[in-house]
Amino acid sequence: MPTDLCVDIGNTRLKWGRCPAGRVEEIAPLADEPAAWESQAARWSLSGNCRWAVASVHPERRDRFAAWVRARGGELLLIDSYRQLPMRVEVDVPGGVGIDRLLDALGSSSFRGESEPAVVVDAGTAVTVDAVAADGAFLGGYILPGLRLLADSPHRHTAKLPLVSDFSPAAPVPR
């Protein structure tokens, strides 16, 4: 289905991509609330009958968003299975791989040369490091805690370490 918008609903963030010519031309990070969605729809002058492609690793948030799209009269494509993607998934349990990781691997084809393998790193709530074969097959990889989870863990599991919440280079080091 050709789409007007693509949506990535993660564990922490929700992002829209405007795709008027079949590719993402503009991105908008949004709060996970219908008022923010309505506001963004107005900013982009979206009609109710838009075509949406939605992928998510968070089923509850995905379903809430899908209901909002349907209530507006939009056409919806939920991408929630590796079977929907034009790539082989070479792991023991393909259905256990997050759709975010598979879409990252699929997207690497626009950056890697033909018949070249790739390593794809995505840093969000978690950091994923995945391998893509020269023929484009997903080979699996690793999931590690993201920066915020790494910062939170020592604070929660020690008696005196402070919570680090500002990750900017100019942030003072807590003492």
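**A walk through a predicted chain**

His-157 is exposed, with a relative accessible area of 64%; exposed means over 50%, buried under 20%, and partly exposed in between, with a 1.4 Å probe and protein chains only. This is a predicted model, in which local features need pLDDT of at least 70 and side-chain atom pairs count only at pLDDT 80 or more, while totals for chains, interfaces and linings use all residues. Residues are numbered from 1 along each chain as its sequence is written, and side-chain values use heavy atoms, with hydrogens and water left out.

His-157 belongs to helix H4, residues 147–157. The C-alpha atoms of the chain fill a box of roughly 55 × 45 × 30 Å along the principal axes.

The chain has 4 helices and 8 strands. These are DSSP runs, numbered from the N terminus: helices are H or I with at least four residues, strands are E with at least two. From the N terminus on, the order is β-β-β-α-β-α-β-α-β-β-β-α.

Next comes the interior. Of the 175 residues, 34% count as buried. In soluble globular proteins, nonpolar side chains tend to be buried together. A nonpolar core is a set of buried Ala, Val, Leu, Ile, Met, Phe, Trp, Tyr and Cys residues joined through side-chain atoms within 4.5 Å. The largest such core has 20 residues, and Trp-16, Trp-52 and Phe-65 have the most contacts inside it. Two or more residues each come from strands S1 (5–9), S2 (14–18), S3 (26–30) and S4 (51–56), and from helices H1 (34–43) and H2 (59–71). H2 gives the most, with 4 residues.

Phe-65 shows how parts of the chain meet. Leaving aside neighbours within four places in sequence, Phe-65 is in contact with Val-7, Ile-9, Leu-14, Trp-16, Trp-37, Trp-52 and Val-54; contact means heavy atoms within 4.5 Å. A second, separate core has 14 residues, including Met-87, Leu-102, Val-132 and Phe-138.

The cysteines remain. A disulfide is a pair of cysteine sulfur atoms within 2.5 Å, and by this rule the count is 0. Cys-19 is buried, with a relative accessible area of 5%. Its closest cysteine sulfur, in Cys-6, is 3.6 Å from its own, so the pair is too far apart for a bond. Cys-50 is also buried, at 5%. The sulfur of Cys-50 lies 11 Å from the closest cysteine sulfur, in Cys-19, which is too far for a bond.
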